[in-house]
Structure formats: structure tokens, C-alpha cells
Amino acid sequence: MTTVRQRRVGKGTEAAEDQPSEETNVKPDGKIPPGPPGGKLWNILSVTVGGIVAVSLGLLTSVYVATLHENDLWFSNIKEVEREISFRTECGLYYSYYKQMIQAASIQQGLHGLVYDNKTESVRTINILERMNVYQEVFLSILYRILPIQQYLEPVYFYIYTLFGLQAVYVIALYVTSWLLSGTWLSGLLAACWYITNRVDTTRVEFTIPLRENWALPFFAVQIAAITYLLRTHLQPAQERLTLMAIFTATFLFSLMWQFNQFMLLIQALALFILDCLDMLPTAKVTWLYIIQISGLLLVCVLQFFNSVILGSLLISFNVSVLIARTIQKNLKKGGLINRLGKLILHVLLVLCLTLLINKFIKKILNLESDEHIFKFLKAKFGFGATRDFDANLYLCEEAFGLLPLNTFSRLSSTLLFYVYGFVLFLLTVAAVIVAFRNLSSGSNQVQLKEKMEEYTVTLKPDAAYSLVHTVLFGCLALSTMRMKYLWTSHMCVFASFGLCSSEVWKLILKCLHLYTSQRTQVIKYSIPIITLLYISFKFWPGIMDELSELREFYDPDTVELMNWIKSNTPNTAVFAGSMQLLAGVKLCTGRTLTNHPHYEDKNLRERTKQIYQIYAKRSPGDVHGILRSFGTDYVILEDSICYERRHSRGCRLRDLLDVANGHIMDGLGENEPDLKPSLYPRFCEEIKKNLPSYTMHFTRVFQNKTFHVYKLAKHK
């Protein structure tokens with residue numbers, strides 16, 4: 001069991017500081033007149049200072065998480081095997097491909113080993129570049145080989161420093177997004193400070209370094225910043241083209257680096273669809289964003305050797321359906337309120353039906369079943385019938401895929417983030433409802449509507465409208481699935497800081513209170529954020545310093561002993577079976593062949609894993625031996641932490657999931673479903689330790705410590 005113990009001693013721009021109204025200060029030819037020379041100089045100075053602050057905060061965040069990682073594990077002092085064990089579960093699997101590329105005789109041989117891999121899944125040859133999102137490991141390993149840094153920097157440090165460096169990109173992107181929304185870089189400063197002080201809920205990069213989301217989310221943040229800029233009015237054609245290129249690049253990189261890309265982009269597409277239907281975004285720009293999403297995903301599909309999971313994604317089906325439905329319903333945005341509502345309902349139904357039909361057709365043609373476990377999980381999670389499906393229950397019983405814990409909100413409230421976020425969310429939601437109703441009521445008189453915008457008390461800019469719907473949809477995702485909270489909490493920092501520093505928000509509040517003056521708005525716009533920053537600094541700076549001074553070290557002697565034994569006492573061609581999480585470490589630390597692994601996005605692998613896990617079920621030794629040998633297994637590793645698991649409650653322990661899937665009664669006191677029956681055999685992982693003849697004829701114990709038991713399989717049929 002991996003633990004950490006106390007270390008022993010001696011071993012946009014401020015240029016838009018107040019963004020001009022979207023419709024004011026515009027000449028009849030559509031050009032914005034130049035301001036006074038002094039104002040231009042101030043804008044340049046402000047942009048320069050804001051940019052320096054952004055880069056500085058990004059670099060400080062990188063150093064901060066890198067220092068936490070070092071202090072928590074004493075990474076610079078521990079052995080290589082301990083460093084590799086610290087990359088837990090699927091993190092170790094991904095890092096193993098980087099290590100494999102580094103150790104290959106040449107780049108060509110390294111790539112060949114990934115395309116024709118026969119060590120990740122025994123008795124099968126798979127294409128790693130097709131199945132997994134590991135192009136970042138490939139690129140980084142090639143970069144390490146060609147740069148003259150081998151003498152100065154170990155491969156593992158090149159890897160982790162790159163990930164920590166991406167945190168700088170992440171923070172800068174959040175800073176810029178908030179700056180663009182509010183018009184002042186003070187908002188970006190507040191967003192970055194909130195991101196850092198709420199680190200427990202905004203990132204987990206310091207202890208899950210190779211996780212796919214740590215590669216992908218910085219580029220998703222860059223994409224959101226670019227979309228925020230695109231949704232501004234009065235962009236020049238060259239600016240718009242460059243922004244679209246930036247969005248495409250960021251979307252492509254995000255999609256390339258995370259297997260859950262299609263679901264995140266689908267939520268983004270839903271946000272665009274809602275806002276387009278309500279006339280809150282320019283239709284032409286929304287169309288470009290749909291096309292960029294499709295083209296980015298298709299390019300990833302090509303790079304992943306035409307991965308069928310991507311082709312069968314709901315995102316592609318949805319975006320294509322929206323474009324088709326829009327072509328069919330050309331007069332969607334004309335008519336009165338009732339007429340438009342009727343058209344809108346019909347449009348939504350048409351898009352929904354087309355999405356399901358296109359998706360079902362693609363999956364039928366491609367015979368695609370790789371993502372069915374996700375839909376089984378969603379069906380069970382939201383109460384559409386109980387399930388005995390092993391894969392769905394495996395997700396349901398994991399805390400990371402459960403509801404967002406309530407203590408999350410108390411932590412976010414301690415920094416004032418959640419209070420400010422809730423206030424801004426309520427205010428802008430009310431504004432959005434008013435604006436949407438006004439847009440739907442205006443019918444085809446959009447030109448007159450734009451001319452009268454200044455007469456309205458309540459307005460909502462397109463970039464703010466997108467940010468609002470984005471945070472609402474990703475908030476719903478985070479509330480339903482805790483693992484996805486990092487997509488929401490980081491944008492929460494942006495949204496709250498934007499609201500606190502926005503002239504439009506304070507103008508609306510003061511007008512509603514009949515207290516509005518431009519001078520009062522400016523004073524509040526700057527004073528409230530500065531007071532908030534001072535509060536955060538005084539309250540959390542001592543805690544951050546204490547955190548940085550706390551020294552611990554990595555401590556997992558049982559796993560280290562196991563890995564060293566495997567390297568010293570088993571042949572390089574040996575095949576190991578065991579839990580997915582442990583086997584990822586076996587591959588990384590020893591290079592041995594595996595029967596299964598944690599990358600769970602393949603139907604055959606899921607079925608194989610369920611079969612391998614019969615070692616923790618109530619099965620006969622002959623059955624278990626036959627199953628393991630069918631996958632070429634030479635050694636099986638049993639873990640006491642799984643066999644005698646207490647982390648989960650009854651019904652969610654791995655052995656319980658296996659019992660229910662096999663139709664057997666669960667262990668312990670409690671209810672069982674009426675059709676479950678007692679097993680004819682005792683639990684394999686417990687009974688094998690008694691060295692009974694029926695077990696020893698198939699299995700010979702060759703290693704054991706307090707945590708692990710390794711058995712060698714007899715080769716007879």
C-alpha cells in the first residue's frame with residue numbers, strides 16, 4: 001500500500017480597462033475612432049504590466065506545484081523504482097510508454113514497438129497509438145532524445161517539469177479569459193489567486209502527474225480564452241482568422257491528449273447550441289466553432305489510426321445534426337414569440353432525433369461497442385433501473401464517479417470564491433433570461449433591437465453569455481461526477497473574478513438600486529476586488545508557507561520489494577495477472593507482459609479484466625487456473641487489500657461486485673437479492689493461502705510479504 005510519511009531528518013487587455021460599449025464610439029463606416037495619444041500610451045503600459053503579471057503568476061504556480069510534489073515525496077532523493085511506483089494506477093501505464101520510447105534503440109524502433117505492442121495485453125498485439133492518447137509521451141520522448149540535455153536532466157524530470165510547466169499555460173489562460181471578460185487585468189489576478197488558494201479543488205497535478213486531464217485541460221483553457229476573444233464584436237477579418245486558427249489548434253491538442261475529449265466538447269457544443277437558439281451568439285461564429293470541433297476530432301481520428309470510438313462519438317453526430325437541421329429550418333429566427341417558441345421546440349426535437357439516428361447508424365456500420373460501459377454507467381447512475389453489470393458497478397462504486405461532496409463547497413467558501421460565484425451566477429442568470437425573452441420576442445427586428453441596446457438596463461455580451469452557460473453546464477457535470485469537478489472549479493475562478501471586476505455587472509446593480517454614476521461604478525469595480533485580494537493574501541499566505549515547509553517522503557516498502565523481486569526472479573517474457581492498478585506499475589517498473597491494465601476503453605479488455613478478477617471471486621482452483629492460462633499467465637499477484645477490502649461498504653467491495661455478477665450471495669451481514677444463490681466454492685484468494693492439494697497442483701507460492709502474494713501457475717492443461 002503506497003503511503004506518504006513524515007520525512008526523517010538527516011536522510012486582453014487592460015487596454016479594454018473599461019471596454020467601450022459594443023455599439024458606441026463607432027463611426028458610420030464601422031471603424032472605432034482612435035483615442036487620445038495619452039490614452040493609447042496608458043493602454044500599452046497597462047497591457048504590458050498585465051502581461052508581466054500573468055506570466056509571473058503562471059510561473060509561480062508551476063514552481064509551487066513542483067515544490068509540493070518534491071516536498072511530499074522527496075522525489076529527488078528516492079530510488080528510481082520508488083519514483084516509478086509513485087505514478088499510481090493508469091499514470092504509471094502512460095509513463096511506461098514514455099520510458100519505452102526513451103529506452104528504444106532508435107525512434108523508429110520505439111514507434112514500431114507502440115504500433116505493434118504485445119506486452120500490454122498478453123496473447124494480443126495492439127496498436128497503442130490507436131487505443132490510447134499517448135502522443136504527448138511520444139513527442140516528449142523524441143524531444144528528449146534530440147535535445148542536448150541528457151547529461152543535465154534525467155528523463156523523469158524532463159517529463160514532470162513539462163507537466164508542471166503546462167500549469168503555467170493553464171493559469172495564464174484563465175487569467176486572460178477573465179481579463180477579456182471584465183476588461184481589467186485585476187480580474188485575471190483575482191482568478192489566478194483563487195485558482196492557487198483553492199488548489200485542492202482546482203487541480204491534482206502534483207500527485208497524478210501523467211493523468212490525461214493534466215495534459216489536456218491547459219489547452220482547453222486556451223481554447224476557452226480564444227473563444228471569449230472571438231465572441232467580441234468589431235474584430236477585423238485578420239483577427240478573426242487568427243483567433244479561429246488558435247481555437248482549432250487548442251481544440252485539436254485538447255482532443256489528442258484525453259480520451260474523454262468528446263464528452264467535454266459535446267457539453268461545449270450544447271452551450272453553443274442553447275445560446276444560438278436564443279439569439280445570444282452570432283450564428284456565423286457558432287457555425288465555425290461546430291466545424292472546428294468536428295475537424296479537430298477527425299484529425300485526431302486520423303492520427304489514432306481511424307479509431308472507431310471517435311467516429312462513433314455523440315459530438316460528431318450532434319454537430320452534424322445541428323448543421324443539417326439549420327439547413328432544413330431556414331426561417332428559425334423569424335416570427336413572434338409564440339411562433340418562434342414553436343419553431344424552437346421543433347428544432348430541438350429534430351436535432352435530438354437526427355443525433356440519435358446518425359449515431360446509431362455509425363455505430364451499426366462500425367460495429368462499435370467500446371463505449372457501451374459509459375452509457376450503462378450513466379443509466380444506472382441516474383436511476384434508470386438497477387444493473388448487475390460488473391463494469392457499470394465498478395464505476396458506480398468509485399468515489400471519483402460519485403456526487404460532488406458537500407465539503408467541497410465549504411472549502412470554496414472559505415476563500416469567498418463560492419459566495420462571489422453564486423452572487424454573479426444569480427445576477428447573470430436573471431439577465432440572461434431577460435435578454436433571451438427579449439430576443440425571442442423581437443422576431444426578425446434584430447437590427448432595430450441592436451440600435452436600441454443602449455436604452456435597455458439589462459444587457460449581456462456574447463462572451464459573458466457563453467461563459468455563463470459554460471459554467472452552468474460544467475457545474476451540472478461536476479455535481480453529478482466528482483472527478484469532473486476540475487473542469488468546473490477552474491472556470492468558477494474566472495467567472496467569479498469577472499463578475500466582481502465587471503463594469504456591466506456593477507452598473508446593473510447600481511441602476512437597480514437607483515445609485516448609478518460612472519464614478520461610483522469605477523470605484524466599486526476596483527475597490528471590491530482589491531479588498532478581496534487583500535483578504536485572500538492575509539488569510540492564506542501563512543498556510544501556503546506552512547505547506548511549502550512541510551517535508552515528507554515516499555514510503556511503500558512492500559511494493560518496492562515486489563517490483564525488485566519480479567525484476568530479479570522472473571524471465572523478461574513472463575506474463576503477470578492481477579489488479580489493473582498494480583499491473584500498470586508492474587509494466588512500468590519491470591517491463592513484464594500484462595494480462596490487463598487500467599485503460600478501460602475497450603470491450604475485449606473489460607471482458608478480460610472481469611475474467612482475471614475471478615481470482616477474488618468464489619470459484620474453483622481449476623476454473624481460475626484455466627481462465628488465467630487462457631491469457632498466457634505465468635504468475636498471478638494477489639493483494640490482501642482487495643481480498644479483505646474494507647475501504648468500500650458491503651455491496652461495493654470488488655468481491656461483492658464479482659459475487660453479484662456471478663449470481664452468488666455476498667459475504668457478511670446484510671440483504672441479498674432473492675435470486676442470488678450460495679457458491680459451491682470458497683473465495684479463491686482466501687482459500688489458496690491454506691496450501692490445500694487442490695490448489696497446490698495448479699499454483700505454487702513463490703513470493704509473499706505483508707501486502708502481496710505471488711503464485712506461479714503450473715503449465716499442465
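Helices here are DSSP runs of H or I with at least four residues, strands are runs of E with at least two, and both are numbered from the N terminus. Start with His514: select the loop between helix H24 (503-512) and helix H25 (518-549), and you'll find it there. Before going further, note that this is a predicted model, where local features need pLDDT of at least 70, side-chain atom pairs count only at pLDDT 80 or more, and totals for chains, interfaces and linings use all residues. Residues are numbered from 1 along each chain as its sequence is written, and side-chain values use heavy atoms, with hydrogens and water left out.

Is His514 buried or exposed? Its relative accessibility is 72%, so His514 counts as exposed. The cut-offs are under 20% relative accessible area for buried, over 50% for exposed, and partly exposed in between, using a 1.4 Å probe and protein chains only.

Now jump to Asn691, in the loop between helix H32 (684-687) and helix H33 (693-696). Phi of Asn691 is positive too, near 55 degrees. With a relative accessible area of 41%, Asn691 is partly exposed.

**Zoom out**

Show the whole chain as a cartoon. You're looking at 33 helices and 7 strands. The C-alpha trace spans about 90 × 65 × 55 Å along its principal axes. How does that fit a globule? For 717 residues, a compact globule would have a radius of gyration near 27 Å, and the chain's 28 Å agrees. (The radius is taken over C-alpha atoms, and the globule rule is 2.2 Å times the number of residues to the power 0.38.)

Of the 717 residues, 55% are buried.

Colour by charge, and you'll have 71 positive and 58 negative side chains, with the centres of the two sets 3 Å apart. In that count Lys and Arg are positive, Asp and Glu are negative, and His and the chain ends are not counted. Each charge is placed at NZ of Lys, CZ of Arg, CG of Asp or CD of Glu.

**Helix H8**

Select residues 185-197. This is H8, with 13 residues and a reach of 18 Å from first C-alpha to last, close to the 18 Å expected at 1.5 Å a residue. That expected span is 1.5 Å times one less than the number of residues in the helix. Hide the surface to see inside: 12 of the 13 residues of H8 are buried, so the helix is largely enclosed by the rest of the structure. Among the buried ones are Trp185, Trp194 and Tyr195.

Thr184 caps the N-terminal end of H8, with a side-chain oxygen 3.2 Å from the backbone nitrogen of Leu186.

**Helix H16**

Move on to residues 337-366. H16 has 30 residues and reaches 43 Å between its end C-alphas, close to the 44 Å expected at 1.5 Å a residue. Which residues of H16 are buried? Pick out Arg340, Leu344, His347, Val351, Leu354, Thr355, Asn359, Ile362 and Lys363.

**Last stops, with a distance tool**

Go to Gly58 in helix H1 (residues 37-73). Gly58 is buried, with a relative accessible area of 0%. Draw a C-alpha line from Gly58 to Phe538: they're 480 residues apart along the chain and separated by 21 Å.

Ile128 is in helix H5 (residues 128-131) and counts as buried at 0% relative accessibility.

Finish on Trp506 in helix H24. At 12% relative accessibility, Trp506 counts as buried. Its C-alpha is 27 Å from that of Arg411, 95 residues away along the chain.

Technical notes: A polar contact is a pair of N or O atoms within 3.5 Å; within protein, one must be able to donate a hydrogen and the other to accept it, and residues adjacent in sequence count only if both atoms are side-chain atoms.
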